[in-house]
There are 2 protein chains.
Amino acid sequence: MKDVNVGICGLGTVGGGTFNVLTRNAALIAGRAGCNIRITRVASRRSRDDLALGSIPFSTDIFDVVNDPDIDIVVELIGGYEAAKELVLAAIANGKHVVTANKALIAVHGNEIFDAAEKAGVVVAYEAGVAGGIPVIKAVREGLAANRIDTIAGIINGTGNYILTEMRAGRDFAEVLKEAQDLGYAEADPTFDVEGIDAAHKLTILASSGLGVPLQFEKAYTEGISSLTPYDIAHAELLGYRVKHLGIARRREDGIELRVHPTLVPRSHLIAQVDGVLNAVMVDGDAVGQTMYYGPGAGDEATASAVIADIVDVARSVAAGSKQRVPYLGFSPEALEDLPVLPMEDIQSAYYLRIQALDRPGVLAKIAAILSEHGINIESIMQKESEFKDGRIPVIILTHTVQERQMNLAIEEMEALADIADKVIRIRAENFN
Amino acid sequence: MKDVNVGICGLGTVGGGTFNVLTRNAALIAGRAGCNIRITRVASRRSRDDLALGSIPFSTDIFDVVNDPDIDIVVELIGGYEAAKELVLAAIANGKHVVTANKALIAVHGNEIFDAAEKAGVVVAYEAGVAGGIPVIKAVREGLAANRIDTIAGIINGTGNYILTEMRAGRDFAEVLKEAQDLGYAEADPTFDVEGIDAAHKLTILASSGLGVPLQFEKAYTEGISSLTPYDIAHAELLGYRVKHLGIARRREDGIELRVHPTLVPRSHLIAQVDGVLNAVMVDGDAVGQTMYYGPGAGDEATASAVIADIVDVARSVAAGSKQRVPYLGFSPEALEDLPVLPMEDIQSAYYLRIQALDRPGVLAKIAAILSEHGINIESIMQKESEFKDGRIPVIILTHTVQERQMNLAIEEMEALADIADKVIRIRAENFN
């Protein structure tokens with residue numbers, strides 16, 4: 001059986017997990033890959049005494065891995081942008097295949113990296129960058145290859161989903177965030193997770209590999225969950241909807257929607273049932289219809305599972321001496337469509353609105369008139385007894401799908417009414433049917 | 001761009017869908033595959049006027065496809081056992097790759113077919129045989145290649161799941177089956193679907209490609225849903241469980257469990273939320289934990305989606321002139337473990353029991369004593385007021401996990417009690433945690 005040599009750069013959570021699973025399941029993985037996958041060098045700023053490195057050479061300079069002539073596959077698990085980019089480009093320049101879990105790197109520098117890899121004839125694989133252990137990149141690039149994929153929507157940040165799940169019990173964002181930090185689910189600086197940046201990295205990659213467009217992270221819209229209230233979450237539930245922090249990519253005739261924001265989804269839809277730190281990605285294809293992929297989006301061995309799946313794919317190719325590979329973004333570079341990301345004003349969505357009306361006659365008629373003028377149809381409406389001491393009456397409306405530009409204009413006009421006491425709360429909604 | 005030539009055998013539901021999707025999405029699929037996938041011959045007992053065959057040669061003899069020297073990939077969509085086997089073996093003998101949606105063929109004759117294909121150096125791909133459009137074979141063979149897979153459990157027959165979903169409203173099996181037949185969800189002879197044979201075909205394939213054991217369909221245990229009552233379904237719900245018709249494969253130290261039967265699953269588990277004709281497969285791996293794959297398990301274009309994904313995989317390999325391929329059952333033939341399928345007496349499961357007790361003092365104590373003697377712990381118990389005119393009192397018990405042999409003995413002893421009026425109703429239960 002042939003040997004394929006792997007060098008691991010980075011021994012953090014995922015690096016340690018990858019080392020441990022590759023070691024523990026070595027015989028099983030060889031049986032699947034048809035070759036021995038050997039870890040022949042490891043590099044990391046700091047070593048880890050808990051890993052059984054044995055006689056495997058360890059160094060603190062990650063470039064020792066890249067410059068080792070015996071290594072076939074460089075596994076980049078150091079994270080971050082610049083050092084990782086330098087490392088990956090150096091590996092490619094040395095003719096090595098690359099496996100990475102670095103979503104930020106691929107989302108931001110992927111086009112450049114794939115271009116270099118294409119010229120060098122090497123693979124750059126990134127399954128572990130999206131939704132942790134769920135093999136969803138393989139699903140959209142290969143399993144659904146027959147389909148024109150129209151919509152991808154995912155719960156792709158476990159921290160955010162954990163917080164939203166806990167907020168259903170009526171708890172405030174800040175309180176749950178604190179708890180998530182104590183439990184180790186959220187970072188000390190939670191911005192990346194709760195403001196949707198991490199999800200936007202993953203969504204960018206999913207959108208490109210599924211819809212077949214270049215990576216355009218800088219055009220992705222991100223809106224976090226930090227301003228959501230238990231009040232609106234509870235009222236969404238009353239309307240039959242659950243609030244999830246979704247990444248949504250959708251193909252339109254003249255471009256793609258690429259957006260991360262809190263979203264009402266029908267409680268009867270399977271994605272609404274995905275709770276806690278778990279991830280799920282729903283993919284809608286013209287032939288297959290809706291499919292969904294569910295599992296752990298983070299964790300040492302869960303993410304290692306995806307890293308190693310990529311290693312096995314590459315190792316099979318190395319062992320067979322084959323040039324066969326799946327294109328980086330699912331399509332041959334010349335077949336990628338240069339579709340622009342649509343500005344948010346051009347997206348289409350349904351909306352949940354909470355309007356703080358003063359308790360005066362005729363206010364509902366005025367609201368309805370404004371919506372109607374902008375072609376916005378009402379799906380359901382709830383006028384609540386005032387629960388606020390200042391006598392404001394919350395009017396809660398769920399609309400049909402409309403262009404966001406129209407909704408923005410309608411909200412502007414409503415907020416200008418003397419009968420409306422405050423900013424209109426607006427949360428997008430999707431039916432996914 | 002290179003051409004790869006495909007011949008389709010069989011123009012039924014899936015054949016027509018495959019033809020239509022390959023034609024409609026030809027440019028998109030070429031962009032993904034890196035080659036033109038051309039349908040160059042079609043054969044079927046009957047032609048279909050609704051398909052735009054154009055100048056593609058059509059014949060009524062399927063062997064015309066197999067014997068066409070220009071064809072690279074034979075797509076077997078005729079179904080059934082003997083003719084399909086003959087066709088596939090002839091294709092292999094002629095050095096052609098094979099893509100099939102035929103679960104019965106693979107489950108029953110797969111070992112022989114893969115053996116022949118291995119010797120000939122060709123691919124036999126069967127994603128469409130399991131769970132329709134859901135790329136679950138790709139997930140277990142490739143996406144989860146790092147894992148020792150311990151458990152696979154799936155809703156893999158849409159007809160059965162539709163019937164069970166409708167029965168939750170209190171309707172009888174026979175009534176819902178009739179409706180499913182009228183809607184075209186169930187065949188005139190529903191045995192294959194409702195008695196679990198179709199699910200056992202799919203489970204056999206899933207188990208082998210995930211757990212890495214030879215195909216052993218003849219050892220699979222099958223128990224259908226035709227004797228389930230709305231009464232037990234409702235009482236399972238009261239206990240927090242939902243009844244699903246599951247295929248379950250599980251690795252034990254000394255063998256594998258391979259069984260299809262009605263199963264109580266916790267309502268809070270995502271698989272319990274999969275309703276109607278949809279399918280879902282849950283896979284538990286030692287590194288990744290639990291993942292789940294959900295989508296349409298049948299339908300012309302949904303199944304075609306999986307057929308074409310296989311065609312694209314093979315076409316990439318043909319176009320690259322590469323010998324690289326994923327082993328038929330996920331593992332190299334010599335790495336398959338020759339684990340036996342355990343007899344049902346040796347499986348481990350929790351159980352829902354409904355015991356028809358006569359209204360006499362001490363009967364509950366006797367039941368508890370019998371369970372205790374066999375080491376069976378009670379998770380919860382419900383004693384109902386008699387709802388039956390004959391004064392029998394149903395005692396409903398949910399047990400912890402125990403070996404089925406112990407449960408069989410306990411049931412035998414309970415049924416021998418003078419206080420027990422009827423056969424004990426027994427439905428297996430799983431917690432999947």
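Two strands count as paired if DSSP finds at least two bridges between them. With that in mind, Gln356(A) stands opposite Pro394(A), a residue of β15(A). Keep in mind as you read that this is a predicted model. Chain A is divided into domain 1 (3-133 + 300-335), domain 2 (142-295) and domain 3 (346-429).

**How the domains are placed**

- Domain 1 of chain A is written as two stretches, 3-133 and 300-335, while domain 2 covers 142-295.
- Between the C-alpha centres of domain 1 and domain 3 of chain A there are 51 Å.

**The open sheet of chain A**

- Six strands of chain A make an open sheet with parallel pairing, and their order is β3-β2-β1-β4-β5-β6.
- At the edges you will find β3 (58-59) and β6 (124-125) of chain A, each of which pairs on one side only.
- Strand β1 (residues 3-9) and strand β4 (residues 73-76) of chain A run parallel and are joined by four bridges.
- One pair to look for is Gly7(A) with its bridge partner Val74(A) in β4(A).
- Helix α4 (residues 82-93) of chain A lies across β1, β4, β5 (97-100) and β6, and runs at about 175° to β4(A).
- Helix α12 (residues 300-320) of chain A lies across β1, β2 (36-43), β4, β5 and β6, at about 165° to β5(A).

**The open sheet of chain B**

- Chain B also has an open sheet of six strands, in the order β3-β2-β1-β4-β5-β6 and with parallel pairing.
- In chain B, β3 (58-59) and β6 (124-125) each have a single partner strand, so one side of each is left without a neighbour in the sheet.
- Strands β1 (residues 3-9) and β4 (residues 73-76) of chain B pair in the parallel sense over four bridges, and Val6(B) stands opposite Ile73(B) in β4(B).
- Helix α1 (residues 13-24) of chain B lies across β1 and β2 (36-43), running at about 150° to β2(B).

**A covered strand, β15 of chain A**

- How many residues of strand β15 (residues 393-399) of chain A are buried? Seven of its seven residues are.
- Ile393(A), Val395(A), Ile397(A) and Thr399(A) point one way from β15(A), whereas Pro394(A), Ile396(A) and Leu398(A) point the other way.
- Strand β13 (residues 348-357) of chain A pairs with β15(A) in the antiparallel sense over six bridges.
- Strand β14 (residues 378-383) of chain A also runs antiparallel to β15(A), with five bridges joining them; here Met382(A) has Ile396(A) as its bridge partner.

**Nonpolar cores**

- In soluble globular proteins, nonpolar side chains tend to be buried together.
- The largest nonpolar core has 114 residues, and those with the most contacts inside it are Phe114, Val124 and Ile152 of chain A and Phe114, Val124 and Ile152 of chain B.
- Another core, of 39 residues, lies apart from it and includes Leu22(A), Ala101(A), Val123(A) and Val312(A).
- Beyond its sequence neighbours up to four places away, Phe114(A) touches Ile106(A), Val124(A), Tyr126(A), Leu215(A), Tyr328(A) and Leu329(A).

**Positions listed in UniProt**

- An unreviewed UniProt entry lists Lys202(A) under "active site".
- Lys202(A) is found in helix α10 (residues 197-211) of chain A. Is Lys202(A) buried or exposed? With a relative accessibility of 5%, below the 20% cut-off, Lys202(A) counts as buried.
- Among the residues that Lys202(A) touches are Lys103(A), Gly129(A), Ile156(A) and Asn157(A).
- The unreviewed entry also gives a "binding site" that includes Cys9(A) and Gly10(A).
- Cys9(A) is in strand β1 of chain A and is buried, at 0% relative accessible area; among its contacts are Ala43(A), Val74(A) and Leu87(A).
- Gly10(A) sits in the loop between β1 and α1 (13-24) of chain A and is buried at 5%; its contacts include Ser44(A) and Leu77(A).

**Where chain A touches chain B**

- Ser305(A) is found in helix α12 of chain A and is buried, with a relative accessible area of 0%.
- Sequence neighbours within four places aside, Ser305(A) is in contact with residues of chain B, including Gly143(B), Asn147(B) and Val288(B).
- Ser305(A) and Gly17(A) are 288 residues apart along the chain, yet their C-alpha atoms are separated by 8.5 Å.

Technical notes
Residues are numbered from 1 along each chain as its sequence is written. Chains are lettered from A and ligands numbered from 1 in the order in which they are written. This is a predicted model: local features need pLDDT of at least 70, side-chain atom pairs count only at pLDDT 80 or more; totals for chains, interfaces and linings use all residues. Side-chain values use heavy atoms; hydrogens and water are left out. Helices (H or I, at least four residues) and strands (E, at least two) are DSSP runs, numbered from the N terminus. Contact means heavy atoms within 4.5 Å. Axes are lines fitted to C-alpha atoms, for helices over the stretch in contact, and angles run from 0 to 180 degrees between N-to-C directions. A nonpolar core is a set of buried Ala, Val, Leu, Ile, Met, Phe, Trp, Tyr and Cys residues joined through side-chain atoms within 4.5 Å. Buried means under 20% relative accessible area, exposed over 50%, partly exposed in between (1.4 Å probe, protein chains only). UniProt positions are given in the numbering used here, feature names are shortened, and annotations may be inferred rather than shown by experiment. Domain bounds come from an automatic or database domain assignment.
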